[in-house]
Amino acid sequence: MNFLSLFVLIPILMMAGLAIARDMKQIRTVAVTFSTLQLGLAIYTAIKYMAERAAGNAEEMLFQASTIWYEPLNIHYAVGVDGISIVMLLLTAIIVFAGVFASWKIEPLSKEFFLWLTLLSIGVYGFFISIDLFTMFMFYEVALIPMYLLIGVWGSGKKNYSAMKLTLMLMGGSALLMLGILGIYYHSAPEGGALTMNILEIAHNNAIPHEWQYYLFPLTFVGFGILGAMFPFHTWSPDGHASAPTAVSMLHAGVLMKLGGYGCFRVAIYLMPFAAQELSWIFLILTGVSVVYGAFSACVQTDLKYINAYSSVSHCGLVLFAILMLNNTAMTGAVMQMLSHGLMTALFFALIGMIYGRTHTRDIREMGGLMQIMPFLSVCYVIAGLASLGLPGLSGFVAEMTIFVGSFQHTDTFHRVFTIVACCSIVITAVYILRVVGKLLYGAVQDEHHRQLTDATWWERLSAVTLIICVAAIGCLPGWISNLISNSLNAIVERLS
Amino acid sequence: MEYTVFILALPLAMFLLLGLLDSKLKPRVAGILGTMGMTVCTALAYLTAYQFFTQPRNAEGVIPSQVPFNVEWLRFTEHLHIDLGIYLDPISVMMLVVITTVSLMVHIYSLGYMHGEKGFQRYYAFLSLFSMSMLGLVVATNIFQMYIFWELVGVSSFLLIGFYYTKPSAVAASKKAFIVTRFADLGFLIGILILSFFTKTFDFATLTANPTAIISESAGATFLGCSVASWALALIFMGGAGKSAMFPLHIWLPDAMEGPTPVSALIHAATMVVAGVYLVARLFPVYCVTPEVLDLITTVGAITALYAAIVACVQTDIKRVLAFSTISQIAFMIVALGVASDTNLHTGLGYMASMFHLFTHAMFKALLFLGAGAIIHAVHSNEMADMGGLRKYMPITHITFLIACLAIAGIPPFSGFFSKDEILTAVMEKSTFWGVWMTVVAGLTAFYMFRLYFRIFWWKDTDCSHHTPHEAPATMTLPLIFLALVTCVAGFIPFGELVSVNGEPYHIHLNWSVATTSIIVAVCAILLATWLYMKENKKPTAMANATRTLHTAAYRRFYIDEIYLFVTHKIIFGLISRPIAWFDRHIIDGTMDMFAHVTQWVSARIKGLQSGSIQAYVWILIVGTLLIATLTICYCL
Amino acid sequence: METPMIYYIVLSLVMFFAGVYGFITRKNMLMMLISIELMLNAVDINFAVFNRFLFPGQMEGMIFSIFAIAIAAAETAIAIAIIINIYRHISNIDADNLDDMKY
């Protein structure tokens with residue numbers, strides 16, 4: 001059996017383990033053990049991948065395996081990874097690991113919570129290792145459904161509304177996606193061979209006729225774009241994130257939104273390079289707008305999670321924006337931004353969850369001076385904020401600069417002008433981040449009751465520190481990860497030219 | 001000279017050590033550790049300077065620049081990559097000396113000044129972070145490395161201004177400083193993008209070796225009537241103007257005085273604020289190919305110089321006076337760079353003058369701030385009204401402060417005289433108009449500095465019944481004495497021999513006509529200040545009343561802050577952010593919700609058909625059957 | 001002389017539509033049950049008649065109508081049991097009142 005399948009198998013074992021666990025202690029033991037295993041597996045895969053590459057394996061996707069699954073439609077369970085998937089798998093494993101610690105005290109129904117969370121992570125892992133459109137789509141759906149229950153049952157605030165809205169909007173996206181995938185499938189063999197769902201085969205056959213690409217590209221791009229919070233289909237994100245429990249916000253903003261970006265790469269652009277070039281300007285405008293628009297919206301929000309959700313709209317907008325630049329540097333930047341945003345937004349949501357757990361409010365007008373009360377959490381928040389506004393030495397800077405420099409290398413003036421527009425977001429980001437830092441952490445204590453609150457516990461510290469270390473590591477030594485990504489992108493970029 | 005790496009590595013290690021251990025260290029230990037780190041760093045910088053300036057010159061008489069260390073950090077494209085390295089040339093070595101010296105003085109001084117403050121360890125951690133970033137900025141081998149450290153100094157400045165984070169004014173000031181400079185950095189970033197797009201390099205050496213590349217590569221592309229090259233360089237200058245607090249991006253600097261005073265001395269007087277000057281100097285050969293940008297630089301500098309000098313004359317907070325004085329002095333350096341038109345030794349005199357003034361100014365302005373710190377430490381107030389007659393209580397502070405005032409006013413033989421004289425000479429040669437303008441500003445400088453001096457040390461005899469101001473401890477006075485000594489002798493350093501526009505030695509000689517004029521102007525201004533402020537009297541109030549409008553306007557800094565507040569709050573927040581947020585919630589989200597509502601409404605309308613009443617179903621069944629039967633029959637017939 | 005087939009058929013037609021009419025118009029569940037019985041009996045008559053007139057040598061129709069009578073009896077028993085239960089709950093047996101499980 002291909003070892004990539006372990007990414008799906010380990011969570012399934014974890015679910016079995018959770019199912020037989022009897023008390024909180026056992027649940028935690030199972031969750032920690034298996035999430036550590038996943039992290040180990042992800043690191044092992046990354047190392048093995050790099051070793052293979054160093055040994056000169058120039059195949060586009062490594063560790064491929066394929067088993068026929070449904071003969072009549074030629075559906076395979078096919079897996080394989082390249083540098084981009086490796087990065088995404090690492091991200092997922094890190095966030096699942098941190099998420100387990102962030103939901104140490106989840107109440108009630110802790111067992112069920114972890115079960116659904118694990119199911120979600122199965123979907124995400126499966127999505128990233130799949131190279132068959134159908135399995136990819138299936139895992140995508142597996143990742144979406146648990147979200148409804150996780151928000152609806154363990155959420156806060158208008159949780160029913162938010163859960164319904166999030167699920168319906170994302171389902172709307174997957175409806176478009178389904179159409180797109182079927183379209184791709186039925187045009188995967190223009191010369192009358194066997195129809196296929198395998199991404200690599202379709203790409204190598206250069207199969208899809210140009211006139212069809214015009215229809216299928218927007219379908220798939222918007223379908224994935226909805227999950228990537230593309231303007232104007234982003235409104236599930238603020239409500240959904242605001243209501244979701246901590247670990248779910250972390251996984252959702254940190255990983256699930258990256259499914260959108262990853263899908264845009266892997267399906268929309270990779271399979272339909274012609275339409276990508278012809279139609280990219282439309283989406284470039286939309287994503288360019290969403291970068292600035294999200295940032296401006298975040299400036300006036302008062303709920304911490306809303307601020308962060310809008311900031312995610314802005315940052316994920318930048319991901320799609322960079323993907324559409326269709327050159328190697330910008331796309332490398334896009335993947336790095338996915339990674340960096342995933343880590344820091346997970347950190348943000350973890351911290352917000354921890355603060356909310358103590359103060360029982362997320363309204364920045366009702367809090368203040370938290371630096372004096374919970375210094376550890378506050379310092380982490382400042383670090384997350386600085387990462388978000390692009391401080392050199394933390395991951396945000398590297399990603400944004402790669403995107404800006406890459407985008408600006410585009411030969412077309414229109415693209416360069418839009419890059420400058422997107423650049424403006426760095427100032428607005430500074431405004432809303434510092435606004436929160438100033439109001440929430442600095443200044444005088446607003447509510448005297450807050451003085452009795454305690455600082456972070458060990459599991460909260462572990463969760464935050466894991467993420468901070470990753471953010472700083474990428475920020476300080478970006479070279480290897482940038483090379484890893486850009487080497488894998490060569491194949492995609494070559495198809496574009 | 002590979003050891004130069006440690007000049008950067010040492011403060012970084014200190015930052016990590018002090019930052020991570022934080023309260024686990026005793027404050028005293030943290031302070032001493034930080035100071036020792038900085039001492040070693042300073043020693044290394046001096047060694048570097050000694051070795052660098054004494055190395056043999058090449059055939060053209062130029063001291064060859066060196067790159068002892070350079071690693072690729074991040075590769076973007078085939079040509080574009082960010083390196084982290086160390087680039088040693090006369091100005092960067094000069095800056096190394098300036099930064100480490102002032103930083104060391106501040107480290108020592110803070111042992112006394114910050115004694116007993118909460119967060120002492122954090123303070124030293126931030127100081128180390130700042131020193132590291134600033135040193136990294138000046139030794140940058142490429143423009144993107146400079147941008148990286150540029151951002152880092154911005155953040156250190158933000159953290160240090162907001163050191164007293166429970167004080168709302170400090171929080172607001174730190175936020176303002178960061179956002180205003182960030183806005184300027186946006187210009188810098190875009191400038192870098194444009195520049196690198198055309199020249200295909202970030203490297204300073206490549207850029208300056210072939211300065212016309214951007215002109216030839218951009219092939220005469222223009223935007224709004226100016227060439228792309230001009231736009232790129234003007235935008236880069238915008239970044240510099242933001243950091244160096246040039247009008248109209250100066251508004252953050254006066255507010256930044258909310259930070260601890262030693263921080264003001266280090267960051268907001270001697271080092272970070274001259275980063276803009278340094279940036280222009282670094283890219284000077286490139287600026288030379290776009291004279292219109294140099295003209296812009298001159299104009300911005302001259303306006304700032306006059307504006308800040310006028311405002312400084314009426315401020316009552318001693319740190320604000322010094323802040324505006326800093327703005328004005330930096331503007332001198334900027335003007336000097338602006339008037340240097342090419343890389344010829346004589347027409348490019350302004351370059352040398354600017355760097356010389358940067359050097360001397362760093363020393364005497366740090367001295368002034370540290371002196372002000374000692375005074376604030378003694379009287380626990382920033383306001384002039386609470387001071388007066390302090391000369392008796394604080395003799396050392398008094399003498400050193402006086403030396404610094406004489407230096408900044410341009411009185412020989414103190415260092416400021418020599419550098420300012422070079423600047424005025426350079427400006428005079430280029431344009432008489434700006435020459436006269438800058439001479440007037442120099443006079444104003446002498447006036448407001450002596451106003452400050454007399455108001456602090458003379459004016460009245462303090463009522464000492466409840467609290468006697470006393471001289472600062474030795475940790476604070478030693479740096480003052482050291483810097484005062486430097487201020488006395490710095491003017492005699494053969495600066496032109498070491499730093500000049502094309503690297504060839506330039507022998508500084510005073511232009512006596514300019515020098516005499518400026519001395520006369522300065523002396524007159526000092527006499528005027530003496531007449532007005534030596535003894536407590538009603539003349540200043542009377543003058544203020546006579547020019548009420550002007551006085552109020554200057555006191556309120558010509559309402560620039562209010563304009564900014566209006567723009568940010570009313571326009572950015574009120575007219576952009578809030579409407580966008582509303583639009584998002586009500587229009588975009590409303591549309592999405594509308595889909596749901598329409599679906600719900602339709603289903604509510606048609607659900608009545610599914611009534612559950614069998615009798616109704618049977619009716620429909622029968623009617624339907626009959627209808628179909630009738631239709632079938634009609635059709636068949 | 002034998003009665004012609006058409007008479008029987010008309011009778012069963014009248015019975016059937018009387019049942020339909022009753023089923024649609026009456027709200028009382030007992031009445032509705034009786035209407036259903038009417039319809040069933042009309043069908044039984046049809047079975048018997050067609051068997052007698054069209055396939056005189058065979059007995060399928062007769063047997064079928066006996067089956068139907070037996071099933072109708074069982075059905076009536078269940079229906080009446082339900083109706084009695086409903087009556088115990090809501091004290092009447094009006095079909096319009098039975099909407100507790102409607103959407």
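**Reading the terms in a predicted model**

Biologist: A:Phe63 sits in strand 1 (residues 62-70) of chain A. What makes a run of residues a strand or a helix?

Modeller: Both are DSSP runs numbered from the N terminus: a helix is H or I over at least four residues, and a strand is E over at least two. Strand 1 covers residues 62-70, so it qualifies under the rule of at least two. This is a predicted model, in which local features need pLDDT of at least 70 and side-chain atom pairs count only at pLDDT 80 or more, while totals for chains, interfaces and linings use all residues. Residues are numbered from 1 along each chain as its sequence is written, and chains are lettered from A and ligands numbered from 1 in the order in which they are written.

Biologist: Why does A:Phe63 count as partly exposed?

Modeller: A residue is buried with 20 or more other C-beta atoms within 10 Å of its own, exposed with 12 or fewer, and partly exposed in between; C-beta atoms are placed from the backbone. A:Phe63 has 19 C-beta neighbours inside 10 Å, so it is partly exposed. It also has a positive phi of about 55 degrees, although it is not a glycine.

Biologist: Why is chain A called as compact as a globular protein of its length?

Modeller: Chain A has 20 helices and two strands. Its radius of gyration is 21 Å, close to the 23 Å that the globule rule gives for 497 residues, so the description holds. The radius is taken over C-alpha atoms, and the rule is 2.2 Å times the number of residues to the power 0.38. Of those 497 residues, 62% are buried.

Biologist: What makes helix 11 (residues 261-270) of chain B mostly covered?

Modeller: Ten of its ten residues are buried, among them B:Pro262 and B:His268. The cover includes helix 3 (90-113) and helix 16 (349-379) of chain B, judged by contact (C-beta atoms, placed from the backbone, within 7 Å).

Biologist: Which bond joins B:Phe247 and B:Pro248?

Modeller: A cis peptide bond, with omega about 0 degrees. B:Pro248 is in the loop between helix 9 (228-243) and helix 10 of chain B. In chain A, a cis peptide bond joins A:Phe231 and A:Pro232, again with omega about 0 degrees.

Methods
Contact = placed C-beta atoms within 7 Å.
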